Amino acid sequence: DLWWRSLVQIQYRPCPRAVLFGMKIHYNVLSSRTLSAVNSAIDLSLNQNKWSVSTFWWSPEIKLGNRAGIATQIVSPDVAQLIYSDIQSILPQGGSHTFQYYLWPEGSNISTHDDADSNKIAGATIYLNDRWHPDFGGIFLWEDGDTKEMKCLCPSHNTMVVNDRFEQHLVTPVTSAAPVPRRTVQIWVNN
């Protein structure tokens, strides 16, 4: 069930503040005020009919093996502005931005894809869970565009990954060991 665990143990290496090639990894990107606003917004909306499920509108290739679907919701403009204010200096420049909450229940994953779209300049993900153990799954794997090596990152609180080279990547299935859904903010930098 945890076929990728040995890969995580072998390939994981702590990263500096920002990796300047391929996937860019940034730590402590949101202020405590913004993190509080984001998590409060998610918590308040959990019992409201504001969420859609990825299984209805994602392409079959990206849903491969996804047993649960990912709950998604557009971030409100006021919270999106807080997020953008905190990360604008490290996001690639572009036109508009789309901010979404993703909740990843047990069995949810995203199969290999590259985010390439004629309307996108980059994609970014901010990890929100306070603690996330590799046994919970939801591990981010990507193929380095230069070396073709597979690399991985276990979600780490308040860390942001930026994909501005449209490198192949995936997220392993969230396992039954996860005590809560995996929480992220997905950001699209549009033309």
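The backbone nitrogen of I139 and a polar atom of the T172 side chain lie 2.9 Å apart. A polar contact is a pair of N or O atoms within 3.5 Å; within protein, one must be able to donate a hydrogen and the other to accept it, and residues adjacent in sequence count only if both atoms are side-chain atoms. The model is predicted, so local features need pLDDT of at least 70 and side-chain atom pairs count only at pLDDT 80 or more, while totals for chains, interfaces and linings use all residues. Residues are numbered from 1 along each chain as its sequence is written, and side-chain values use heavy atoms, with hydrogens and water left out.

T172 sits in the loop between strand 10 (169-171) and strand 11. G107 is also a loop residue, placed between strand 4 and strand 5 (110-113). Here buried means under 20% relative accessible area, exposed over 50%, and partly exposed in between (1.4 Å probe, protein chains only).

| Residue | Relative accessibility | Class |
|---|---|---|
| T172 | 1% | buried |
| G107 | 0% | buried |

Apart from neighbours within four places in sequence, G107 is in contact (heavy atoms within 4.5 Å) with G65, N66, R67, A68 and V174.

Which residues of helix 2 are buried? They are T34, L35, V38, N39, I42 and S45. Seen down the axis of helix 2, these buried residues fall within an arc of 140°, so they line one face of the helix. The arc is that of the directions from the helix axis to the C-beta atoms. Strand 3 (71-74), helix 3 (77-87), strand 4 (97-104) and strand 11 (182-190) are what the buried residues pack against. On the face turned away from the buried side are the exposed residues S32, R33 and L44.

The chain as a whole has three helices and 11 strands. Helices (H or I, at least four residues) and strands (E, at least two) are DSSP runs, numbered from the N terminus. Of its 191 residues, 48% count as buried. Among contacts with a separation of 6 or more, 81% join residues 24 or more positions apart.
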